[in-house]
Amino acid sequence: MSQNTMQVMHARDMQKTSGRQKIVRFLSQFGVYLFLIIMAAIVLFPFYWMIISSLKSLAEYRLSPPTFWPAQVLISNYADAFTTASLGVLFKNTMIVGVVSTLLSLVITIFTAFAFARLEFKGKELLFAALLATMMIPGELFTITNFATVTNLGWRNTYTVLIVPFLVSVFYIYLLRQNFLQIPNELYLAAKVDGTSDLKYLWKVMVPLSLPTLISITILKMMGAWNSYIWPRLVANDEAHRLITNGLRNAFTDTTGDVNYPVQMAAVALVSAPLFLVFVFLRKYIMSGVSRSGIKG
């Protein structure tokens, strides 16, 4: 067999191998995208069902089998939902609790994380380990004791009972402390040589450098206040202090026990929209803050 023939056969084998590799790569990418599309459809279908249900009449909603697009689009369901559930009051109460609790929680988290990251005091590591250990205790175990405490203090049916018990978050403190530890200690020593106080160094250096993590904490705290259900229903379920999640529970049930589900779905869509927009436009800050805080232990 001549050398030219061998070269031609070798070239053909290379072409076949390259062709097989392209097919395998294509099939692999096709499988990945197909899986992602299926998973996205599974995740998005409940939102789609919520939207189309909010546009149906009650009679069409009860049809069996259900329709996947309303025969008559009823935008008026959203106006009915806003007035029936008094969404304006619910939004106001939730915003007050969310904004105040977030601001106070940020102040507490910043000072606590700075103390554990930069200050030296006896028993610091032991105290921090004890704080981390509390994260393993389910929050439901504190419900009874917290309820008894706020009842004895006379805080029930007030904004105070919705804000104060959850101002301290060990997870947020841990998250911010890990971010503070990534800031070179030489900056702190140089600032001390220049006569800069700890408070000034914290607000002028550490807070600006940790802004992505602080934004993440702010978003997560606001979302937590927005989604809170069990505690507000237990301690502040009166009309003046009711939050969104509690206000939607029985607002659409008439005296006979019948529920107007399309209008309720419209209210749920209105309440879910702010969280959806926050996640869409600010998700990079959440991911950035969490990733920046988990590098150095």
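**Helices 5 and 8**

I looked up how helix 5 (residues 124–133) and helix 8 (residues 170–181) pack in this predicted model. Their axes come within 9 Å and cross at roughly 130 degrees. I noted the two helices as oblique to each other, because angles over 145 degrees count as roughly antiparallel and 65 to 115 as roughly perpendicular. On the helix 5 side, I listed Glu125, Phe128, Leu131 and Leu132 as making the contact. From helix 8, I listed Val170, Tyr174 and Arg177. Sorted by class, this contact has five nonpolar residues, two charged ones and no polar ones.

I then checked for charges over rings at this contact. The charged end of Arg177 sits over the ring of Phe128, 4.1 Å from its centre.

**Aromatic pairs**

I searched the whole structure for aromatic pairs and got 13. I wrote down two of them in detail.

The pair of Phe91 and Trp226 is tilted, with 45 degrees between the planes and 5.6 Å centre to centre. I placed Phe91 in helix 4 (residues 87–117) and Trp226 in helix 11 (residues 211–227), so this pair ties together parts that are 135 residues apart in sequence. I looked up the accessibility of Trp226 as well: at 8% relative accessibility Trp226 counts as buried, because the cut-off is under 20%.

Phe171 and Tyr172 also form a tilted pair, at 5.8 Å centre to centre and 55 degrees between the planes. I compared the exposure of the two partners. Phe171 has a relative accessible area of 37% and is partly exposed, whereas Tyr172 has 11% and is buried.

Which charged end sits over the ring of Trp49? I found that of Lys56, 4.7 Å from the ring centre.

**Leu55**

Next I looked at Leu55, which lies in the loop between helix 1 (3–54) and helix 2 (58–61). Is Leu55 buried or exposed? Leu55 counts as buried, at 11% relative accessibility. Leaving out residues up to four places away in sequence, I listed what Leu55 touches: Pro70, Gln72, Val73, Leu74, Ile75, Asn77 and Tyr78. I also checked Leu55 against Val263, 208 residues apart from it along the chain. The C-alpha atoms of Leu55 and Val263 are separated by 8.3 Å.

Key. Residues numbered from 1 in each chain as written. Predicted model: local features only at pLDDT ≥ 70, side-chain atom pairs only at ≥ 80, totals over all residues. Heavy atoms only, no water. Axes fitted to C-alpha atoms, helices over the stretch in contact; angles between N-to-C directions. Helix = DSSP H or I, 4+ residues; strand = E, 2+ residues; numbered from the N terminus. Parallel < 35°, antiparallel > 145°, perpendicular 65-115°, else oblique. Contact = heavy atoms within 4.5 Å. Nonpolar A, V, L, I, M, F, W, Y, C, P; charged D, E, K, R; others polar. Phe/Tyr/Trp six-rings, centres within 6.5 Å; stacked < 30°, edge-to-face > 60°. Buried < 20%, exposed > 50% of the residue type's maximum accessible area, 1.4 Å probe, protein only. Lys NZ or Arg CZ within 6 Å of the ring centre and 35° of its normal.
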